[in-house]
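Please open the model in a viewer and keep the selection panel at hand.

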Amino acid sequence: MRIIRGKYGRRRFSVPTNITARPTTDFARENIFNVIDNLIDLEGTRCLDLFAGTGAISFELLSREAASVTAVEKSATQARFIEKVARELGDKNLRLLRTDALRYIREATSSFDFIFADPPYDLDGFGEIPQMVLDSKLLHPGSIFIIEHSKAYDFSSLAHFSQHRVYGSVNFSIFIIPENNPE
């Protein structure tokens, strides 16, 4: 796993072979972060990484000076790897929650500036996750939410859909919650 840019840019970490997550490819991650960088200044933001897997997205966010990143990962193997990398980086702005991401979405009481979700493509109910997030308390006016998915899904009819990006076989749907603009 390679951190692409920021204060930890170019740092590499060997992912254990027993990790079952499907990490976002470096190519797709680099390209989606180019899009993200044009949508939001991540410095000082509160971020959420749902289905964190190897933590690659979390560490990319921390590298770009996010004030805090909450990583939600159910698997003990993946969680241990995320903890190990966080220790090696010495970054105290990561909060790792070893819990079910769907339950976390349903029970959330805090909102975030930026949310990234990369659920397993074969997860039962995958297609319902974007609406779950949009209906949750995780978002506030100005929040950005991105879900990584296969080409089998089209979320363009959902509220706040902004754009769809494809990098190789990796698809991203981007949702932007409008700011409250008092007239």
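Begin with the largest nonpolar core of this predicted model. Select Ile32, Phe59, Leu61, Phe114 and Ile146: among the 36 residues of that core, these touch the most other members. Next, colour the elements that each supply at least two residues to the core: helices H1 (26-39), H2 (56-63) and H3 (76-89), together with strands S2 (68-72), S4 (112-117), S5 (139-149) and S7 (170-176).

Now centre the view on Ile32. Which residues does isoleucine 32 touch, leaving aside those up to four places away in sequence? Display Ile146, Tyr167, Phe172 and Ile174, which are its partners under that condition.

Then select Val72, Ala101, Phe112 and Leu138. They are among the 25 residues of another core, which lies apart from the largest one.

Step back and display the chain as a cartoon. There are 5 helices and 7 strands to trace; starting at the N terminus, their order is α-β-α-β-α-β-α-β-α-β-β-β.

Finally, consider overall dimensions. Along the principal axes, the C-alpha atoms occupy a box of roughly 50 × 35 × 35 Å. Switching to a surface display shows an accessible area of about 9,000 Å², with 45% belonging to carbon and sulfur atoms. To end, select the charged residues: the mean positions of the 22 positive and 24 negative charges lie 7 Å apart.

Key. Residues are numbered from 1 along each chain as its sequence is written. This is a predicted model: local features need pLDDT of at least 70, side-chain atom pairs count only at pLDDT 80 or more; totals for chains, interfaces and linings use all residues. Side-chain values use heavy atoms; hydrogens and water are left out. A nonpolar core is a set of buried Ala, Val, Leu, Ile, Met, Phe, Trp, Tyr and Cys residues joined through side-chain atoms within 4.5 Å. Buried means under 20% relative accessible area, exposed over 50%, partly exposed in between (1.4 Å probe, protein chains only). Helices (H or I, at least four residues) and strands (E, at least two) are DSSP runs, numbered from the N terminus. Contact means heavy atoms within 4.5 Å. Accessible areas come from the Shrake-Rupley method with a 1.4 Å probe; for residues, only the protein chains shown count as cover. Lys and Arg count as positive and Asp and Glu as negative; His and the chain ends are not counted. The place of a charge is taken as NZ of Lys, CZ of Arg, CG of Asp or CD of Glu.
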